[in-house]
Amino acid sequence: MDKRLQYEEVIIPAPWGHIAGRWYGNRADRPILAIHGWLDNLGTFDRLIPLLPDYIGVLCIDLPGHGRSSRLPPGVPYNVYDYVFIIPRVMKEFGWSKVSLMGHSLGGVMSFMYAAMAPSTVDMIISLDVLLPRRIEDPSKLTKDIEGYLLEERRQADGTEHEPPSFTLSKLRQTLARNSNNSVPQHLADHMLHRQVAKSHMYPEKVFFSRDGRVKFYHIFDIENGLALEMARRIEKKPYLVIKGSLSPFVGPRCDETMSILSQDNPNFEFYEVEGGKHHVHLHAAEECARYIVPFIRNHRPPRSSKL
């Protein structure tokens, strides 16, 4: 079996439960830490992992409330800033003094934020179709998210509804494709669904999303332009790879100044656009992404470059 496909299930203890993950490949050296996007799970990297260099491992994790990781306790809302502290928690668990980050969407934002907070502990960043979080222009969305969060919290607490609405697996594939603007097409949806659905007890022929319903209403950390530029300056000349899907709006003009600072006098900054790529470009266009990621990894994390 290709050792790039071999993995061990990982459980990282946390005060509220645990963080679940899969460690692919080499366990003797420090791996790349891979972090998925909002409402996704580590299955988002299924098609990319086998294309990466076989000498380096990849530890993919499920963020709290996603996949098979524990939910946060009742009354504790989800937000991006607190998610960032998952990175040093994982580092401490395995005794790493440095970390190599690969993040998609929310995971990429987390990587940017952590690198700005603790730049001396980060040796490279791979950011997939994101750099900065999208700004919320309509304040009414925040109001709706607060109301939605409280409603979901009440549903979980009072026990009047024992499980979320359930559907056939085929229907969930269609829902995932539609809600992602076909960024996760139906034929690839199972890469996401296999870690975030559970069988319904009320309707045995159906399944439901097992992730914490509260994560749908998580708080986005709004990084205004001045703050983004200062954060980029703190990251300095670090190896930084940004890959954008040409059909995705997530790396737009708002990121230009930040990328200008990250790339200024920095031969280790790289930016590429995948033609026809949507937000989950690393999933539906894994081969094209690997064309850029593989040489980047070989350059900045060559074999035996960093022991545990």
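The paragraphs that follow go from the sheet to the helix packed on it and then to the salt bridges.

This is a predicted model, in which local features need pLDDT of at least 70 and side-chain atom pairs count only at pLDDT 80 or more, while totals for chains, interfaces and linings use all residues. Residues are numbered from 1 along each chain as its sequence is written, and side-chain values use heavy atoms, with hydrogens and water left out.

An open sheet is built from 8 strands in the order β1-β2-β4-β3-β5-β6-β9-β10, with mixed pairing; strands here are DSSP runs of E with at least two residues, helices are runs of H or I with at least four, both numbered from the N terminus, and two strands pair if DSSP finds at least two bridges between them. Because β1 (7-14) and β10 (269-274) stand at the edges with a single partner strand each, one side of each is left without a neighbour in the sheet. On average, neighbouring strands of this sheet are turned by 20 degrees against each other, direction ignored, where axes are lines fitted to C-alpha atoms, for helices over the stretch in contact, and angles run from 0 to 180 degrees between N-to-C directions.

Within the sheet, strand β2 (residues 17-24) pairs with strand β4 (residues 58-61) in the antiparallel sense over 4 bridges, and Trp-23 has Leu-59 in β4 as its bridge partner. Helix α3 (residues 106-117) packs on the sheet and touches β3 (32-35), β5 (99-104), β6 (122-128) and β9 (240-245), its direction making about 145 degrees with that of β5; contact means heavy atoms within 4.5 Å.

Turning to charge pairs, a salt bridge is a side-chain nitrogen of Lys or Arg within 4 Å of a carboxyl oxygen of Asp or Glu, and by this rule the count comes to 11. In one of them Arg-22 meets Glu-9, with the closest N and O atoms 3.1 Å apart, and this pair links distant parts of the chain, since Arg-22 lies in strand β2 and Glu-9 in strand β1, 13 residues apart. Arg-22 counts as buried at 10% relative accessibility, whereas Glu-9 is partly exposed at 44% (buried means under 20% relative accessible area, exposed over 50%, partly exposed in between, with a 1.4 Å probe and protein chains only). Both residues belong to a network of salt bridges that also links Asp-62 and Arg-195.

Another salt bridge joins Arg-155 and Glu-152 (2.9 Å, N to O), which are 3 residues apart in helix α4 (residues 139-158) and therefore separated by about one helical turn.
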